[in-house]
Amino acid sequence: FVVTLFARCHKKNETAVKIGDYKFTSGYYSCALVFADIEGRNEVNEQFEKDGKDTTDIDYLKQKIDGTSYEKWVKNKAIEILKENAGYKALCKEKGFKMTADNKSTSESYANSNWDYMGYADLFTANGVSKETYLKFTLDSYYSQIYFDGIYGKDGTNPISEEELKTTLKDKFCLIDRISVDTTDLEDEDIVAKKEQLNGYLEKLNNGTSFADIFVEYDLAEGKEEARNVTPGDGKESPIDPNAEVVGDSESSMPCDYYDEITAMQIDENKIIEAENELVLVKRLDIMSDGYYLTQYDETLRSEVVGDKADEEARKKADELGVTEIKKAVNLFKVKNITYPEQES
């Protein structure tokens, strides 16, 4: 029923939104609406989790986001997504930043992978979005990367300095070794046993045993046929500590629930953290002592510094171009009718 509703209620290639000279079809708008709904659901889920509420059966349409009704928020977000796609294309044209063959190939590969292997085919087809439209949407979205690199990249017109990148790496992220035990399905006596095991490792660490040796001991204790690789890397193409992990706060691209507890630790300090449904043996490392991370996380660090500035520039450009919604086309799409195939019985 829903496939019929979304796929046949509008004319093929009917324009739903115009931004300057850029025209977006109804199918393209539906694609943006689905992405907006996914983002809206994530927002609601995160708020429920913060409030300690059950997230298993949420009536999203009855919720509000930032004081706005869920449906209105999603519709607004869909237009915002279109504004960014149009704005970035316009800015790239204005600055002379071209879509290269490699850019196009990367975009198409990413889109095809999502469509074929990540369930996007079922999701978007059910909501009236063809693969052709999804490929175009993804390609248009790639202009954001082209613009970002052209302005803020290493060779951009307004690059982020290496000093800023170093400061961001040091202030926004931590490097750790950790052994994590999921306690969700463990009985109380099993949790006690795991605590004793980790406390034993903690004592060894504090007495000078390396975490590399602890990793090997733990893997063998857990019955793994082969212990993990602990051979140091070169700090350029590979990290010095092959098992080290980069973590950040909840707003970062590498969120960690107990980030605040890690930042309170000293470099080389060892600790057992009791998080929700998790026991963690942690050693905090010096992220600045390994040159690998500054190089490999270059784009992540630049994004941290720039924040929402680039997106704001794109939306501003779209507003300058002029945004027109074709109401008879846009109003055919209802947030309540967005379907997720895996939820269908």
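A salt bridge is a side-chain nitrogen of Lys or Arg within 4 Å of a carboxyl oxygen of Asp or Glu. Side chains of opposite charge can pair when their charged atoms come close. The structure described here is a predicted model, and a search of the whole of it finds 20 salt bridges.

One of these salt bridges joins Asp116 and Lys131, whose closest N and O atoms are 3.8 Å apart. Asp116 belongs to helix H4 (residues 101-117) and Lys131 to helix H6 (residues 131-141), so this pair ties together parts that are 15 residues apart in sequence. Asp116 is partly exposed, at a relative accessible area of 46%. Lys131 also counts as partly exposed, with 29% relative accessibility.

A second example is the salt bridge between Asp298 and Arg302, in which the closest N and O atoms lie 2.7 Å apart. Both residues are in helix H13 (residues 298-306), where they are four residues apart, or about one turn of the helix. Asp298 is partly exposed, at 24% relative accessibility, whereas Arg302 is buried, with a relative accessible area of 4%. Buried means under 20% relative accessible area, so the two partners fall into these two classes.

Lys327 and Glu325 form a further salt bridge, with 3.5 Å between the closest N and O atoms. Glu325 is partly exposed, its relative accessible area being 29%. Elsewhere, salt bridges that share partners join Glu39, Lys77 and Glu80 into one network.

Several helices each supply at least two lining residues, including helix H3 (70-95), H4, H6, H13 and helix H14 (309-321). The helix H2 (26-50) is also on this list, and H2 gives the most to the lining, with seven residues.

The strands provide a further element of the structure. Four of them form an open sheet in the order E6-E5-E8-E7, with antiparallel pairing. Strand E6 (245-248) and strand E7 (270-275) stand at the edges and have a single partner strand each, so one side of each is left without a neighbour in the sheet. On average, neighbouring strands of this sheet are turned by 45° against each other, direction ignored.

Within the sheet, strand E5 (residues 173-182) and strand E8 (residues 278-285) pair in the antiparallel sense over eight bridges. Ile176 has Arg284 of E8 as its bridge partner, and Ile179 stands opposite Leu281 in E8. E8 is joined to E7 by six bridges, and these two strands run antiparallel. Leu281 in E8 is the bridge partner of Ile272. The hairpin of E7 and E8 has two residues between the strands, and Asn277 in this hairpin takes a positive phi near 60°.

Eight of the eight residues of E8 are buried, so E8 is largely enclosed by the rest of the structure. Both of its faces are covered: Glu278, Val280, Val282 and Arg284 are buried on one side, and Leu279, Leu281, Lys283 and Leu285 are buried on the other.

How values were computed:
Residues are numbered from 1 along each chain as its sequence is written. This is a predicted model: local features need pLDDT of at least 70, side-chain atom pairs count only at pLDDT 80 or more; totals for chains, interfaces and linings use all residues. Side-chain values use heavy atoms; hydrogens and water are left out. Buried means under 20% relative accessible area, exposed over 50%, partly exposed in between (1.4 Å probe, protein chains only). Two strands pair if DSSP finds at least two bridges between them. Axes are lines fitted to C-alpha atoms, for helices over the stretch in contact, and angles run from 0 to 180 degrees between N-to-C directions.
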